[in-house]
Amino acid sequence: MAGLEPRGGAWPLAGPALFAGLYANELLLRALSAAAPCEVIFTAYEALLQALARPHADLEPPLRLFELTLLQELGYGLDFLHDAVTGDGLEYLRLVTG
């Protein structure tokens, strides 16, 4: 590939964050073609790497957000507001903690 430039510095990842970053890389390599326009996806990827680089960060929320963004941009977005079979709106149960 030619014409690619880094947008920022490198993010040092270690331990579970490193494995999460490698997983995200694998998703991108397998899901995207070289010519695909991906600005939204790579912005989400950059946000994921920044989140993974934070010490003691909870890895799951940023990783799931990245996966959902990737699916949405590839045309496989999930609708959490409607039943897939009936199209009826879904009601949410709000859990209160504390």
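Trainee: Which residues does Leu 32 touch, not counting residues up to four places away in sequence?

Mentor: Keep in mind that this is a predicted model. In it, Leu 32 touches Cys 38, Ile 41, Phe 42, Leu 70 and Leu 74 once those sequence neighbours are left out.

Trainee: Which residues have the most contacts inside the largest nonpolar core?

Mentor: That core has 15 residues. Leu 32 is on the list you want, along with Leu 28, Ile 41, Tyr 45, Leu 48, Phe 66 and Leu 70. Helices H1 (16-31), H2 and H3 are the elements that give two or more residues to the core, and H2 brings the largest share, 6 residues.

Trainee: How do I read the way H2 and H3 pack, and at what angle do they do so?

Mentor: For two packed helices, look at the angle between their axes and the distance between those axes. Here, H2 (residues 39-53) and H3 (residues 60-73) pack at about 175 degrees, and their axes are 9 Å apart. Angles over 145 degrees count as roughly antiparallel, so that is how H2 and H3 run relative to each other.

Trainee: Which residues make that contact?

Mentor: From H2, you'll find Val 40, Ile 41, Ala 44, Tyr 45, Leu 48 and Ala 51. H3 answers with Pro 62, Leu 63, Phe 66, Thr 69, Leu 70 and Glu 73. Sorted by class, that's 10 nonpolar, 1 polar and 1 charged residues.

Trainee: What about the loop between H2 and H3: is His 56 there buried or exposed?

Mentor: His 56 sits in that loop and is exposed, with a relative accessible area of 84%. Check its backbone too: His 56 has a positive phi of about 60 degrees, although it isn't a glycine.

How values were computed
Residues numbered from 1 in each chain as written. Predicted model: local features only at pLDDT ≥ 70, side-chain atom pairs only at ≥ 80, totals over all residues. Heavy atoms only, no water. Axes fitted to C-alpha atoms, helices over the stretch in contact; angles between N-to-C directions. Helix = DSSP H or I, 4+ residues; strand = E, 2+ residues; numbered from the N terminus. Parallel < 35°, antiparallel > 145°, perpendicular 65-115°, else oblique. Contact = heavy atoms within 4.5 Å. Nonpolar A, V, L, I, M, F, W, Y, C, P; charged D, E, K, R; others polar. Buried < 20%, exposed > 50% of the residue type's maximum accessible area, 1.4 Å probe, protein only. Core = buried A, V, L, I, M, F, W, Y, C linked by side-chain atoms within 4.5 Å.
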